[in-house]
Amino acid sequence: MDPITVLLDEVLEDIRPLRDGAPAGYIPELAAADPEHLALAVVGPRGRVRAVGDIGHEFTIQSISKPFVLALALADRGRDAVLRKVGAEPSGEPFNAISLEPGTGRPANPMVNAGAIATSALIPGDGVDDRTSRIAAGLSAFAGRSLWVDEQVYESESATGDRNRALAHLLRSHGILEGSVDVAVETYFRQCSLLVTVRDLAVMSATLAFGGVNPVTGERVVEEVVARDVLSIMTSCGMYDFSGEWLLRVGLPAKSGVSGGLLAVAPSQFGVAAFSPRLDVHGNSVRGIAVLETLAERFGMHTL
Ligand code: DON
């Protein structure tokens, strides 16, 4: 192992004994996750990947899809068109709260579910399959390999997704969502059910860190201004109602998902991702946060 991988392994072993939290319970397939899984990956400027722990394990991307679908929407539609449908303000509320702006009905930001459903609906396409293919192709370019939907998780999420359906109906009542509620929600469920590894998340994070260029494939996935816009929203809203304390403790733009993934971006330096399914009350990975906090402290990563 090279010296950096040794350090990453030490950090992982330091936090391994943490036992707080539990896998997400509201999506039955996620509740069945092995809570012991633990992994960490870092990708630097030349695309070198360093990964430790359960690095081969695949899990669904869940809410970590949101910043990348936002990037695709910004690239396709432009910032003004996106801002007409979704705000850029931290909600201070849980990820599944209603969080709609009084009057306009715009969701607070693209990281909470309501805002993510509105953002996903901005991706052009005809029906669920076409839209999902575009989203999957875009996220695959961020990851540098083809990503596929976990059909079992998708079915499980769709079967229990009434709260998200209700949010989508509210969005439609305000004219934020213009097309079919079913198409919007099923596309969103399929985007959340894309399978990734911790390495994929670190590469996706690094693509944002390096201004929209994937450092592994060399491909420009989005323009620099799009990557910067996404990082701005992740900084203020990425960790939901923990975003303020996260910025205080770790100081990096980040995004979490309910299957236990967590990525953070050190702009112009590296992308980092962790995976551990035990979640706290905010729906963020307990050991993922602990890993990032330890890395930030030991290596002075805080950007402020
Ligand atoms: O819509 C949902 O509830 C899930 N598909 C995603 C939520 C999520 O990942 C929240 N993040 N921690």
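**Figure 1. The ligand lies between the two domains of the predicted model.** In this predicted model, domain 1 (3-59 + 196-299) and domain 2 (63-192) both contribute residues to the shell around the ligand, and the ligand therefore lies between them. The residues that surround the ligand are Q62, S63, F95, N96, N113, E157, N164, C192, S256, G257, V258 and G283. Sorted by class, this shell around the ligand holds three nonpolar residues, eight polar residues and one charged residue.

**Figure 2. The contact between domain 1 and domain 2.** The domain assignment divides the protein into domain 1, which is made of the segments 3-59 + 196-299, and domain 2, which covers 63-192. Taken over C-alpha atoms, the centres of the two domains are 21 Å apart. To the contact between them, domain 1 brings 37 residues and domain 2 brings 31 residues. On the side of domain 1 that touches domain 2, at least two residues come from each of helix 2 (28-31), helix 10 (198-209), helix 11 (224-237), strand 5 (254-256) and strand 6 (261-266). Helix 11 gives the most to this side of domain 1, supplying eight residues. In terms of residue class, the side of domain 1 that touches domain 2 is made up of 19 nonpolar, eleven polar and seven charged residues.

**Figure 3. K66, a buried lysine in helix 3.** K66 is placed in helix 3, and it counts as buried because 31 C-beta neighbours lie inside 10 Å. Between K66 and P215, which are 149 residues apart along the chain, the separation of the C-alpha atoms is 21 Å.

**Figure 4. G53 in strand 2.** G53 belongs to strand 2, which comprises residues 49-53, and with 21 C-beta neighbours inside 10 Å it is counted as buried. Not counting residues up to four places away in sequence, G53 touches L12, L38, A39 and L40. G53 and D9 are separated by 44 residues in sequence, while their C-alpha atoms are 7.6 Å apart in space.

**Figure 5. Two serines with positive phi, S99 and S268.** Most residues other than glycine have a negative phi. S99, although not a glycine, has a positive phi of about 45°, and S268, also not a glycine, has a positive phi of about 65°. S99 sits in the loop between helix 4 and helix 5, where it counts as buried because it has 23 C-beta neighbours inside 10 Å. S268, by contrast, is found in the loop between strand 6 and strand 7 (270-275), and with 9 other C-beta atoms within 10 Å it is exposed.

**Figure 6. The whole protein, as a setting for the close-up views.** The protein contains 13 helices and seven strands. Its radius of gyration is 18 Å, close to the 19 Å that the globule rule gives for 304 residues, so the protein is as compact as a globular protein of that length. Along the principal axes, the C-alpha atoms fill a box of roughly 55 × 40 × 35 Å. Buried residues account for 54% of the 304 residues, and of the contacts with a separation of 6 or more, 67% are made by residues 24 or more positions apart. As for the confidence of the prediction, the average pLDDT of the protein is 97, and 100% of the residues score at least 70. The model has an ipTM of 0.98 and a pTM of 0.98.

Note on methods
Residues are numbered from 1 along each chain as its sequence is written. This is a predicted model: local features need pLDDT of at least 70, side-chain atom pairs count only at pLDDT 80 or more; totals for chains, interfaces and linings use all residues. A residue is near a molecule or strand if its C-beta atom, placed from the backbone, lies within 6 Å of it. Ala, Val, Leu, Ile, Met, Phe, Trp, Tyr, Cys and Pro count as nonpolar, Asp, Glu, Lys and Arg as charged, and the others, Gly among them, as polar. Domain bounds come from an automatic or database domain assignment. Helices (H or I, at least four residues) and strands (E, at least two) are DSSP runs, numbered from the N terminus. The radius of gyration is taken over C-alpha atoms; the globule rule is 2.2 Å times the number of residues to the power 0.38. A residue is buried if 20 or more other C-beta atoms lie within 10 Å of its own, exposed if 12 or fewer, and partly exposed in between; C-beta atoms are placed from the backbone. Two residues are in contact if their C-beta atoms, placed from the backbone, lie within 7 Å. pLDDT is the predictor's confidence in each residue, from 0 to 100.
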